[in-house]
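Subject: Structure handover

Hello,

Here is the structure we talked about. My notes on it follow below.

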Amino acid sequence: MTLTLDAPRIFQTKPLLSVDNVSKSYGAVHALRDVSAIAYPGEVLGIVGESGSGKSTLLRMMNLEEIPDKGRYTLDLPDVSGNLFDLDRFARRMLCATRIGIVYQNPHLGLLMKHSSSGNVAERLLVAGERSFATLRAKATTALEASEFPLERLDAPPIELSGGMQQRVQLAKAIALEPALLLLDEPTTGLDVSVQALVLDTLKRLQQDRQITMVIVSHDLGVIRTLADRVMVMRRGEVVEAGLADQIFQDPQHAYTQQLVHAKL
Amino acid sequence: MTAVLEIEGLTKAFTLHHLGNRIGAFSDITFSVDAGEFVLLKGANGAGKSTLLRTLYRSYLPQAGQVRFQSAHGEIDLARAAEVDIAHLRRTEIGFVTQFLTARPRVSAEAIVAEPLRLSGVAPERALEQAREALELFGVKPDLWQAYPTTFSGGEQQKVNLARALILPQKLLLLDEPTASLDAKARAALVTRLAELKSGGAAMIGVFHHPGDVEHLIDRIVDLTPDHFVEKDHTDVAV
Ligand SMILES: Nc1ncnc2c1ncn2[C@@H]1O[C@H](COP(=O)(O)OP(=O)(O)OP(=O)(O)O)[C@@H](O)[C@H]1O
Ligand SMILES: Nc1ncnc2c1ncn2[C@@H]1O[C@H](COP(=O)(O)OP(=O)(O)OP(=O)(O)O)[C@@H](O)[C@H]1O
Ligand SMILES: [Mg+2]
Ligand SMILES: [Mg+2]
């Protein structure tokens with residue numbers, strides 16, 4: 001047994017993101033059971049856990065792509081209030097286009113593979129109402145540059161690009177509107193190790209320069225260790241343990257977390 | 001003198017589920033540290049020295065006890081403080097110096113050292129200047145300042161690590177064998193910097209492989225050898 005922690009006393013800022021007690025079943029499969037999560041402004045929350053434990057489902061919920069059977073979701077942002085799961089389809093779409101960015105493990109989910117890379121990023125700006133061609137192009141280029149995408153490939157369609165470059169296009173699309181929240185689902189999985197390190201480094205820079213709040217899901221504990229301030233461990237649709245990243249890695253409490261951490265050391 | 005840190009009844013054990021057993025690291029530890037005081041932790045291998053430091057930093061979760069810290073925001077029990085509060089204190093008031101640098105690809109030595117200053121609001125140019133002074137002090141060659149420490153030697157990495165960890169004054173400094181792998185010049189620089197921080201009022205708790213290095217800084221010794229928990233004035237004992 002360990003001690004029960006106090007409520008924050010020094011750091012009084014409200015969490016940017018709060019997910020309260022969400023549950024979701026697909027038929028007989030309980031993908032999520034009473035899961036809660038918070039992320040403070042500028043914080044990086046890492047989510048780890050076995051395959052099928054509900055990580056991607058939770059991330060899709062944070063992106064308002066998926067609505068749970070029950071539970072609440074709030075973002076502490078100007079002009080945003082109430083349980084976001086109650087918003088209508090249009091309001092949800094607008095909110096996630098303008099305030100939330102997401103990078104999927106599979107670039108096919110996030111990108112139109114045959115449109116130009118800059119066009120993919122511009123599309124996000126169009127959804128948010130930007131109409132001037134010059135502004136679209138300029139903003140798309142800025143976002144691609146911040147994602148460290150090679151600018152001579154601006155007009156190449158993602159299908160012709162390497163995996164690392166495709167992830168950078170997704171990232172550029174995700175940050176083009178300077179979102180308050182960036183969601184990353186296995187952003188470096190499937191990339192070869194040296195490319196992985198570079199994408200990771202880009203993420204780290206973005207986080208430091210812009211103080212974006214991030215939620216990152218990864219099987220790669222090295223990625224989580226490098227980026228996350230706090231870590232949440234999931235198994236079978238439930239959160240088994242959460243804590244400061246160094247504590248989760250150095251002094252895991254739950255049997256499952258110990259197994260997970262020791263397997264990778 | 002006011003106590004910066006009061007540790008009371010602190011107990012730490014590890015439950016290893018796959019072995020079905022429990023390893024006790026220490027139990028019922030009580031001592032306090034004043035501002036400007038330097039406490040040396042002593043004890044055989046496995047006595048729990050590193051574990052105690054990590055528990056104070058909250059990398060480890062204790063089972064019982066209190067760690068009352070006088071922060072700029074008033075008294076806070078580090079054993080129970082919320083994670084965000086711990087994260088905040090680590091950025092502002094509590095430092096932990098270990099043997100290992102976490103180097104990052106494509107971040108230069110001077111940028112790594114300057115980072116805590118930048119995060120605390122020092123202008124980037126000024127932060128870099130101070131970082132270079134610190135690297136110089138620890139004897140890192142100027143031609144390495146702009147290089148990436150990922151390829152540095154163990155000793156060079158440790159110097160960068162120390163320059164970074166000690167660049168900002170801290171209210172509480174935890175030191176786990178910071179002299180390991182340092183040459184004589186860097187050890188001397190470390191001792192100089194620690195003396196400076198101590199006279200600035202930092203409370204320090206440290207483990208040193210060769211306590212002789214810091215002999216003149218030590219105010220008190222806490223011996224963690226099991227069944228032998230004692231606290232002594234430095235004047236009573238030889239190191
Ligand atoms: N749209 C869906 N329809 C039916 N079942 C689904 C759907 N989405 C998710 N599930 C199920 O919910 C569970 C959680 O899936 P999820 O993708 O969230 O897991 P995960 O933790 O991301 O796993 P992985 O690490 O393998 O990506 C799984 O059993 C999955 O089969
Ligand atoms: N993360 C951990 N998980 C499980 N057991 C641990 C962990 N850290 C330390 N221990 C155990 O706690 C005990 C105390 O170890 P600790 O590292 O604190 O000793 P130490 O006094 O620093 O020794 P040394 O002089 O060798 O550095 C040991 O039995 C060790 O195996
Ligand atoms: Mg998944
Ligand atoms: Mg030790």
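In strand S4 (residues 64–71) of chain B the side chains alternate between two faces. Buried here takes 20 or more other C-beta atoms within 10 Å of the residue's own, exposed takes 12 or fewer, and partly exposed lies in between; C-beta atoms are placed from the backbone. Strands (E, at least two residues) and helices (H or I, at least four) are DSSP runs numbered from the N terminus.

Please keep in mind that this is a predicted model: local features need pLDDT of at least 70, side-chain atom pairs count only at pLDDT 80 or more, and totals for chains, interfaces and linings use all residues. Residues are numbered from 1 along each chain as its sequence is written, and chains are lettered from A and ligands numbered from 1 in the order in which they are written.

S4(B) has two partners to report, where pairing requires at least two DSSP bridges between the strands. Strand S1 (residues 3–16) of chain B pairs with S4(B) in the antiparallel sense over 5 bridges, and B:Leu5 stands opposite B:Phe69. Strand S5 (residues 74–77) of chain B also runs antiparallel to S4(B), joined by 4 bridges; there B:Arg68 stands opposite B:Asp77. A hairpin connects S4(B) to S5(B) through 2 residues.

Next, ligand 2. Its shell holds 13 residues, the closest being B:Phe14, B:Asn45, B:Lys49, B:Ser50 and B:Thr51; a residue counts as near if its C-beta atom, placed from the backbone, lies within 6 Å of the molecule. Because residues from chains A and B surround ligand 2, the site is shared between chains. Strand S2 (21–34) and helix H1 (49–57) of chain B each give two or more residues to this shell, and H1(B) has the largest share, with 3 residues.

Between the chains, 25 residues of chain B are in contact with 26 residues of chain A, a contact being two C-beta atoms, placed from the backbone, within 7 Å. Helix H2 (residues 83–92) of chain B gives the most to the chain B side, with 6 residues.

Chain B as a whole has 6 helices and 10 strands. Of its 239 residues, 44% count as buried. The C-alpha trace spans about 50 × 40 × 40 Å along its principal axes.

Regards
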